[in-house]
Amino acid sequence: MLSRSNFVANAIRRRARVQDSVFDRVYPPGIQLVSGTFWTPVDVALTTTSWLAAFGAKSVLDVGAGVGKFCIVSSLASDRTVTGIEQRSHLVEAARAAAAQYDAPVECIHGTLDSIDASRFDAFYLFNPFGENLSHPDEQLDATVELSRQRCLHDLATVERWLDLAPARTCVVTYHGFGGRIPSTYHMLRTTPKGTDHLRLWMKRRSGRAGGFFLEVGDDFLSHQQLEAISTRLESEEHRSRMRALLDRPLS
Ligand SMILES: C[S@@+](CC[C@H](N)C(=O)[O-])C[C@H]1O[C@@H](n2cnc3c(N)ncnc32)[C@H](O)[C@@H]1O
């Protein structure tokens, strides 16, 4: 007789939708409780996986992997190893335990972005990983890691540099936006409302560094030029100088 976890894993291998509450039973109760806010829904992970397969991505990094939910679903549905990097050790342990339960080929690395070689990957999945730095403490996952505006800017700059230096055909999928700037060498190939926000697939059209960028804003995105135009109309000096810093800061 099939165990519940075998049944769930087989359904995902067939790319069948599995209810999040059923998938999440592999995790301890405290982790299940925050799933709706912090972990990728199964349906979002399945759509991302089929988009990435359609555009030839072979090695995917989940930037801020949490309890590995995206990595597990995507690795089962694609039959490829999916890698995640996660800063919180207790989440890494939960991710590894869940991946073992579902027999999913997941590599879950404990560390921060500075501990990974981004050139190993041809695709990045970004579920607004650094947004928590700017949330009210009541809305943060926990206080086990440093969370600050400074940290957020550092991590955004790291990923912006990865994307700017990446080779042509690198894919990026964002859910709830990335929070940083997508170099203008990328173009958006897919977008759809999914889960509790928008899912977008970007692909790098040509190698080389970008002269401008796109910024995801809610259900839309703005180009560097559109933001330049907005900046001239801002009345507050503080807002204008923040916008100038965003516009003038090099991507890499
Ligand atoms: C919104 S959760 C997404 C979890 C996972 N990607 C998913 O979709 O299920 C963001 C995760 O990113 C992690 N994170 C944020 N900044 C990080 C950093 N600089 N290095 C490693 N992990 C980070 C957080 O600890 C959190 O677990």
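The model is predicted: local features need pLDDT of at least 70, side-chain atom pairs count only at pLDDT 80 or more, and totals for chains, interfaces and linings use all residues. Residues are numbered from 1 along each chain as its sequence is written, and side-chain values use heavy atoms, with hydrogens and water left out.

A search of the whole structure finds 14 salt bridges (a side-chain nitrogen of Lys or Arg within 4 Å of a carboxyl oxygen of Asp or Glu).

Start by selecting K69 and D24. They form a salt bridge, with 3.0 Å between the closest N and O atoms. K69 sits in helix α6 (residues 69-78) and D24 in the loop between α2 (20-23) and α3 (29-33), so this pair ties together parts 45 residues apart in sequence. Helices (H or I, at least four residues) and strands (E, at least two) are DSSP runs, numbered from the N terminus. Both K69 and D24 are buried (under 20% relative accessible area, with a 1.4 Å probe and protein chains only).

Next, select R88 and E132. Their salt bridge has its closest N and O atoms 2.8 Å apart. This pair links distant parts of the chain, 44 residues apart: E132 is in the loop between β4 (123-126) and α8 (149-165), and R88 is in the loop between β2 (82-86) and α7 (89-101). E132 counts as buried because its relative accessibility is 11%; R88, at 3%, also counts as buried.

D142 lies in the loop between β4 and α8, 54 residues from R88.

Finally, select R17, D43 and K194, which are linked in a network of salt bridges.

How values were computed: Buried < 20%, exposed > 50% of the residue type's maximum accessible area, 1.4 Å probe, protein only.
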